Amino acid sequence: MTVTPPRADLGTHEVSNQPAPRGARDLWAEDVVLRSAVTKAKGRIDDLARAGAEYGSDGMLLAAEEARRDKPRLMPFDRSGRRLDEVRFNAGYHQVMKTASALGYAGAAWDGKPGGHVTHAAHCYMLNQVEPGCCCPLTMTYAAVPALNADPALAALWQPKLTSGLYDPAPRPVAEKPGATMGMAMTEKQGGSDVRANTTRAQRDGDHYRLTGHKWFCSAPMSDGFLTLAQAEGGLTCFLVPRWLEGERNGIRVQRLKDKLGNTANASSEIEYVDALAYPLGEEGAGVRTIIEMVHHTRLDTAMAPAGLMRAALAEAAWWVSGRAAFQRRLIDQPLMRSVLADLALDWEASVSLGFFVAAAFDRDDAESRALARIGVALAKYLGNKRCISVIGEAMEVLGGMGYIEETPMPMLYREAPLNGIWEGSGNVICLDILRTLAREPLAGEVLNATLDGARGRDSRFDAALAAHRARWPALPPEGEARWFVESLASLLSAATLFDTAPDAIAAGYVTSRVAGDRGSLPGAIAGLDSEEILKRLTGHTGT
């Protein structure tokens with residue numbers, strides 16, 4: 001289709017040296033790092049090639065922009081004063097949800113085909129580059145599936161709906177819908193991450209329960225159901241709370257929508273349960289053990305999301321510097337700019353490599369892989385999200401003043417950058433979880449050490465850093481050193497995965513700058529990187 005270009009001759013001046021907006025792009029074909037990682041981890045190439053083209057299409061980009069521009073609106077009552085407790089979304093939101101559902105974002109991991117979690121992780125990585133807000137309800141839907149195994153009857157009803165690939169936002173009971181979504185509501189004001197301090201009460205009522213209480217954060221309040229925690233007679237218990245009942249609305253009151261820094265297309269909310277019907281999922285008193293299965297899988301997505309966000313920011317920055325000149329040279333050809341971009345690209349490369357390494361462990365059903373997935377996903381989530389903020393901030397600066405303008409994607413990406421480091425366990429929570437896992441599950445430490453030992457002999461500086469790490473912490477560190485310990489461990493594990501997934505220039509550059517520490521403290525304060533090879537990977541100008 002021919003599109004008439006905008007006018008460049010404006011009378012007072014002619015527009016020049018301004019790169020045109022990127023427009024539609026193929027998020028799979030243009031990303032050699034993604035393709036390489038998915039191939040190594042045995043994801044589904046054909047499915048993801050189709051998804052990458054669709055996610056980056058003009059229609060999806062426009063729908064995503066509209067979903068963010070026209071924020072969700074809470075409709076607590078109808079015009080006659082009857083309670084609705086509904087959230088209304090822009091049509092763009094529904095288009096993104098429908099498309100991503102049909103492409104397999106929530107269902108690919110559970111259809112019995114090989115490489116399901118790797119394929120899901122790639123969906124998460126790509127969609128976060130387009131519309132991160134819609135990723136939340138889709139991620140929760142994906143992650144709820146294994147938690148439902150705690151009750152065969154509930155699983156039989158809900159799992160086929162959650163994995164159907166059909167998006168149905170209508171307010172009607174799940175039994176009447178071809179597809180469904182699932183949210184989560186755990187956090188309360190007085191407890192935060194300490195969910196055992198929750199005060200929501202569960203009263204038995206025949207074969208179900210009635211919940212009464214307040215939830216400070218509820219993800220995706222228009223989901224068809226929620227996994228939640230409440231205090232039953234036997235202790236803190238996990239429940240499935242359906243959003244819609246047969247012929248009536250369940251007792252779920254949406255108090256307000258959260259006015260967030262970013263993630264604006266997603267209607268995070270506060271809710272109250274008012275005698276809400278709920279079904280127990282697992283035994284009374286086993287609530288944390290039951291819902292942690294869902295949290296474990298959402299953490300995979302909070303590890304993959306920052307990789308996608310970094311990719312989006314760096315791709316935009318590379319596009320800008322390739323099309324803009326200063327002082328008679330293209331910006332991309334200037335040594336200092338190349339050093340900055342190459343340095344930033346290493347954090348993205350590491351996040352992709354470690355993320356898909358972990359996703360592959362989710363796909364393997366043996367004790368060692370399950371242990372590796374538990375410890376690996378926490379390490380990947382921690383390091384990727386800490387790096388994401390500085391990478392996107394620096395990428396924004398590459399565009400100069402334009403990077404601060406909402407017409408570019410940079411402000412949106414910058415607002416999203418801290419989010420996944422907060423959701424599903426903030427930095428301190430994750431570091432303490434890692435210490436607990438290593439203390440309580442010896443197999444997790446064994447498989448982690450085996451992975452690190454398997455990388456020895458590839459680079460003498462890696463070997464020296466691994467030895468130094470183990471000498472510094474022959475046992476688990478005191479709590480006050482947990483972040484230092486986890487950063488060191490996650491960086492070593494990232495390097496170990498890069499040896500097997502990336503060219504020598506990438507792995508060696510990462511070891512130089514992140515493991516051996518031969519650098520300054522800020523992005524771009526480094527020498528000796530093979531920026532030519534690193535930037536080829538970023539721009540896709542390579543056949544590897």
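**Note on aromatic contacts**

1. Eight aromatic pairs are present in the structure, where rings of Phe, Tyr and Trp (its six-membered ring) pair if their centres lie within 6.5 Å, and planes under 30 degrees apart count as stacked, over 60 as edge-to-face and the rest as tilted. Phenylalanine 89 and tyrosine 93 form a stacked pair, because their ring centres are 4.0 Å apart and their planes lie at 10 degrees. This is a predicted model, in which local features need pLDDT of at least 70 and side-chain atom pairs count only at pLDDT 80 or more, while totals for chains, interfaces and linings use all residues. Residues are numbered from 1 along each chain as its sequence is written, and side-chain values use heavy atoms, with hydrogens and water left out.

2. Phenylalanine 89 counts as buried at 15% relative accessibility, and tyrosine 93 counts as buried at 6% (buried means under 20% relative accessible area, exposed over 50%, partly exposed in between, with a 1.4 Å probe and protein chains only).

3. Tryptophan 473 and phenylalanine 485 make an edge-to-face pair, with 5.5 Å from centre to centre and 90 degrees between the planes. Tryptophan 473 lies in the loop between α15 (460-472) and α16 (482-501), whereas phenylalanine 485 belongs to helix α16, so the pair ties together parts twelve residues apart in sequence; helices (H or I, at least four residues) are DSSP runs numbered from the N terminus. Both tryptophan 473 and phenylalanine 485 are buried, and ring pairs link Trp473, Trp484 and Phe485 into a cluster.

4. The charged end of arginine 243 sits over the ring of tryptophan 244, 4.6 Å from its centre, and lysine 258 lies over the face of tryptophan 216, 3.5 Å from the ring centre. A charge sits over a ring if NZ of Lys or CZ of Arg is within 6 Å of the ring centre and within 35 degrees of the ring normal.

Notes
Helix = DSSP H or I, 4+ residues; strand = E, 2+ residues; numbered from the N terminus.
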